[in-house]
Amino acid sequence: RNWTTIKQYEDILFERLGGIAKITINRPKVYNAFRPQTNMEMLDAMAYCRECPEIGVVILTGAGDKAFCSGGDQNVKGTGGYIDSNGVPRLNVLDLHKAIRSIPKPVIAMVNGYAIGGGNVLQVVCDLTIASENARFGQTGPKVGSFDAGFGSSYLARCVGQKKAREIWFLCRQYTAQEAEEMGMVNKVVPFDRLEDETVEWCETILKRSPMAIRMIKRALNAELDGQRGLMEFAGDATLLYYLMDEAQEGKNAFLEKRDPDFGKFPKFP
Ligand code: 2NE
């Protein structure tokens, strides 16, 4: 496939194929563990995807055939968080979770191997997950001195149920791709050499659908979990739709033309 590079980074690849963007964590020596810089680069790429009107869907994956992402890079974990090049401790993968939830376009995790710890949380937070047969899933926090009590717990439980979510976190076991699919953590499992084809096919199908309809559905499904922030994002899109109507234009035009608005001509739907 002829992916073209959108922008060069150190820790990730950022490519495009028509309306599909692909972000690949490219740190195979550490099984695609992330450091603060990795997350900053992914945030930058996500911001590009959000702004670019031609991009309709984003794939998140890992380089190679071993790992999607093995979570936070334990080599740079220090006191207070993952230490970046300025010596500042951070847990900025949480900003990436927010960006994945907030971007009004589907984000698909293409899980090509281990999705462990913060790597599993990343795939959980994505809208859809397609995994290869060799993929393995699991949390390790309570084994290695960490936990994700955010989306990595609450949204995981929405996907797999409360009992299974507690099992995943309390026991820190690994699960096969098939087990992950059966428990509702993965949409589809395919052989490794089919992974990208299958994911691109899903993307192409999504790209044929109404972008506004998909946007509103993502917002509604998020709002159910995201409380006031979810409602705010949903409301923002309701306002966007209103701004596209003549009725909203009439209010603005009347103000600029220094006259009373004539809203009487607009229908009052049942
Ligand atoms: C992923 C897993 C299960 C793979 O096991 P295996 O036996 O197939 O490979 P190995 O030898 O463990 O790993 C291969 C290389 O990748 C490095 C390893 O150190 C090893 O390097 P070399 O010895 O060959 O030089 N590597 C793997 N994961 C790494 C990591 N996270 N950081 C740095 N180097 C890593 C196995 O490797 C594994 O269990 N990895 C650790 C997973 C883990 O505990 N991640 C952190 C969880 S905490 C977290 O991510 C988190 C959170 O809980 C809350 C918020 C944010 C983040």
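Let's start with a pair of helices: the axes of helix α3 (residues 118–125) and helix α5 (residues 151–160) approach to within 10 Å, crossing at roughly 50°. An angle between 35 and 65 degrees is neither roughly parallel nor roughly perpendicular, so α3 and α5 are oblique to each other. Their crossing is left-handed. Keep in mind, as you look around, that this is a predicted model.

Helix α3 has another partner to look at. Helix α2 (residues 93–102) also has an axis that comes within 10 Å of the axis of α3, and here the crossing angle is roughly 15°. Angles under 35 degrees count as roughly parallel, and α2 and α3 are therefore roughly parallel to each other. The crossing of α2 past α3 is right-handed.

Now let's turn to the ligand. Which residues come nearest to it? Of the 24 residues around the ligand, the nearest are S70, G72, G118, T140 and S146. One of these, G118, also belongs to the stretch of helix α3, residues 118–125. Sorted by class, the shell around the ligand holds 11 nonpolar residues, 10 polar ones and three charged ones.

| Residue | Protein atom | Distance to a ligand oxygen atom |
|---|---|---|
| K29 | backbone N or O | 3.5 Å |
| G72 | backbone N or O | 2.8 Å |
| T140 | polar side-chain atom | 2.7 Å |

How much of the ligand does the protein bury? Taken alone, the ligand exposes 1,000 Å², and the protein buries 66% of that area. Two residues in the table, G72 and T140, are also among those that come nearest to the ligand.

Methods
Residues numbered from 1 in each chain as written. Predicted model: local features only at pLDDT ≥ 70, side-chain atom pairs only at ≥ 80, totals over all residues. Heavy atoms only, no water. Near = heavy atom within 4 Å. Polar contact = N/O pair within 3.5 Å; in protein donor to acceptor, adjacent residues only side chain to side chain. Areas by Shrake-Rupley, 256 points an atom, 1.4 Å probe, with all protein chains shown as cover. Nonpolar A, V, L, I, M, F, W, Y, C, P; charged D, E, K, R; others polar. Axes fitted to C-alpha atoms, helices over the stretch in contact; angles between N-to-C directions. Helix = DSSP H or I, 4+ residues; strand = E, 2+ residues; numbered from the N terminus. Parallel < 35°, antiparallel > 145°, perpendicular 65-115°, else oblique. Left-handed = near helix turned anticlockwise from the far one by under 90°.
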